[in-house]
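Q: Please take a close look at one part of this model for me, starting with the loops and ending with a helix. I would like the cut-offs spelled out as you go.

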Amino acid sequence: LDRASAYREDGTVLVPQRLAGQSAQVLAAKAVASNDPVAIEAAGRLLIDRQPVNASAPATLGLAHALVGDVAGADAAFTVSGQLGWRAPLTQQYWMGRALASGDYRVAAQRQDAILRQTRAPRC
């Protein structure tokens, strides 16, 4: 229902809020683009509420923790995201950065490989 509904200019959809999971994803993406930890945390919590098994939900919350320097909170959120599936690009980027910081280039390369596999190649 959420995906088939009409979108408004602010990215929300015209369905009951409890069913509006996709619009929460749109709002989370906008918050991430803003790089504002407060907005990202609010969007992450909304996304967790609307899509609790979406790996992007705790990843969004993890980014908010990382931006304010809360390494323990970021680690916890990105660990949950990883347990839900490794398709969340924020999760891959976070663990790649942590691996690079610790000198674990093998894991960093694995995370980079996962990011590249998820990114569509440009068409010629």
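**From two loop asparagines to a helix**

A: Let's begin with Asn 35, which sits in the loop between helix H1 (21–34) and H2; helices here are DSSP runs of H or I with at least four residues, numbered from the N terminus. This is a predicted model, where local features need pLDDT of at least 70, side-chain atom pairs count only at pLDDT 80 or more, and totals for chains, interfaces and linings use all residues. Residues are numbered from 1 along each chain as its sequence is written, and side-chain values use heavy atoms, with hydrogens and water left out.

Although Asn 35 is not a glycine, its phi is positive, about 60°. Its relative accessibility is 49%, so Asn 35 counts as partly exposed (buried means under 20% relative accessible area, exposed over 50%, partly exposed in between, with a 1.4 Å probe and protein chains only).

Next comes Asn 54, in the loop between helix H2 (37–50) and helix H3 (56–67). Leaving aside neighbours within four places in sequence, Asn 54 is in contact (heavy atoms within 4.5 Å) with Gln 25 and Leu 84.

Finally, helix H6 covers residues 105–118. Its buried residues are Ala 108, Arg 111, Ala 114 and Ile 115. Seen down the axis of H6, these fall within an arc of 120°, so they line one face of the helix; the arc is that of the directions from the helix axis to the C-beta atoms. That buried set packs against helix H5 (89–102), while Tyr 105, Arg 106, Leu 116 and Arg 117 are exposed on the other side of H6.

How values were computed. Expected span 1.5 Å × (residues − 1).
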